[in-house]
Amino acid sequence: LEYRGAVELIRGVNIAMIFLVGGSLVHYYYQASLEARKRLLMTANFDSLTRLVNRRRLNEVAAVAVAQFQRHHRPLSVLLCDIDHFKSINDRFGHHAGDDVLVGVAKVLMDCTRTTDSVARWGGEEFLILLTDTELNGAQVIAERIRRSIAAEPMRSEQTDIKIAMTLGVAQFTEGESFSNVVARADAALYQGKARGRNQVVLAEP
């Protein structure tokens with residue numbers, strides 16, 4: 001009887017260990033799956049350097065915002081922002097310093113906007129900001145705040161402070177206008193500012 005009892009005890013312990021190990025493996029693979037999914041979402045929706053949303057994700061957000069604008073007629077504006085003479089920063093200080101500048105600019109843009117706004121790295125040294133419930137004059141105020149903050153705060157890269165400036169084009173959505181069209185108007189305003197000497201905010205033609 002004692003022998004049988006010992007066998008049953010060992011068997012019970014073995015079964016418990018199987019369930020314990022199996023449960024641990026299931027938990028491990030579940031957590032690994034969640035982490036892999038999180039990394040996939042980060043790659044799909046966010047810029048790996050600045051941690052801002054990327055162009056693809058901003059287009060998705062804009063589609064929803066434009067639909068709400070068309071339905072509820074609430075104002076919606078965009079800022080297209082470009083770092084002035086960014087190529088010369090890379091040429092003079094190196095691409096690592098250029099990356100540091102991009103990260104620093106992203107932080108300033110986030111600090112100067114609201115949680116309801118969407119800030120994206122649009123491509124290269126260009127950023128796009130979608131401003132909800134914001135008319136052209138209000139968007140101009142935010143753009144000027146960004147421009148002044150960028151010009152006033154040198155970007156730190158290792159032991160070097162890098163002074164930069166930014167030119168911004170501002171456009172407000174009009175009834176029936178597509179997102180690509182309003183971005184094109186903001187882009188045209190941006191390049192007017194570049195042609196006029198940079199480091200300025202230009203309002204797009206309606």
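1. Let me start with the contacts: among those in the chain with a separation of 6 or more, 66% are between residues 24 or more positions apart. Keep in mind that this is a predicted model.

2. On the overall layout, the chain has 6 helices and 7 strands. Going along the sequence, they come in the order α-α-β-α-α-β-β-α-β-β-β-α-β. The chain has 206 residues, and 38% of them count as buried.

3. Next, a helix pair. Helix 4 (residues 95-112) and helix 5 (residues 136-152) have axes that come within 10 Å and cross at roughly 140°. That angle makes helix 4 and helix 5 oblique to each other, because angles count as roughly antiparallel only over 145 degrees. As for handedness, helix 4 passes helix 5 in a right-handed crossing.

4. Who makes that contact? On the helix 4 side you'll find Val-105, Val-108, Leu-109 and Cys-112, and helix 5 brings in Ile-142, Arg-145, Ile-146, Ser-149 and Ile-150.

5. Now the aromatics. Searching the whole structure turns up 3 aromatic pairs. One of them is Phe-69 with Phe-173, a tilted pair with 5.9 Å centre to centre and 50° between the planes. Phe-69 sits in helix 2, while Phe-173 is in the loop between strand 6 (166-172) and helix 6, so the pair ties together parts that are 104 residues apart in sequence.

6. Phe-173 and Phe-179 are both buried. Stepping back, ring pairs link Phe-69, Trp-122, Phe-173 and Phe-179 into a cluster.

7. While you're in that loop, have a look at Glu-177, which also lies between strand 6 and helix 6. What is the relative accessible area of Glu-177? The value is 7%, so Glu-177 is buried. Setting aside its neighbours within four places in sequence, Glu-177 is in contact with Val-66, Gln-70, Gln-172, Val-182 and Arg-185.

8. Two backbone spots are worth a look. Arg-51 has a positive phi of about 70°, though it is not a glycine. Arg-51 belongs to the loop between helix 1 (2-45) and helix 2 (55-72). With a relative accessible area of 53%, Arg-51 is exposed, because exposed means over 50%.

9. The other spot is Asn-199, where phi is near 50°, again a positive value in a residue other than glycine. Asn-199 is found in the loop between helix 6 (179-195) and strand 7 (201-203). Asn-199 has a relative accessible area of 30% and is therefore partly exposed.

Definitions and conventions
Residues numbered from 1 in each chain as written. Predicted model: local features only at pLDDT ≥ 70, side-chain atom pairs only at ≥ 80, totals over all residues. Heavy atoms only, no water. Helix = DSSP H or I, 4+ residues; strand = E, 2+ residues; numbered from the N terminus. Buried < 20%, exposed > 50% of the residue type's maximum accessible area, 1.4 Å probe, protein only. Axes fitted to C-alpha atoms, helices over the stretch in contact; angles between N-to-C directions. Parallel < 35°, antiparallel > 145°, perpendicular 65-115°, else oblique. Left-handed = near helix turned anticlockwise from the far one by under 90°. Contact = heavy atoms within 4.5 Å. Phe/Tyr/Trp six-rings, centres within 6.5 Å; stacked < 30°, edge-to-face > 60°.
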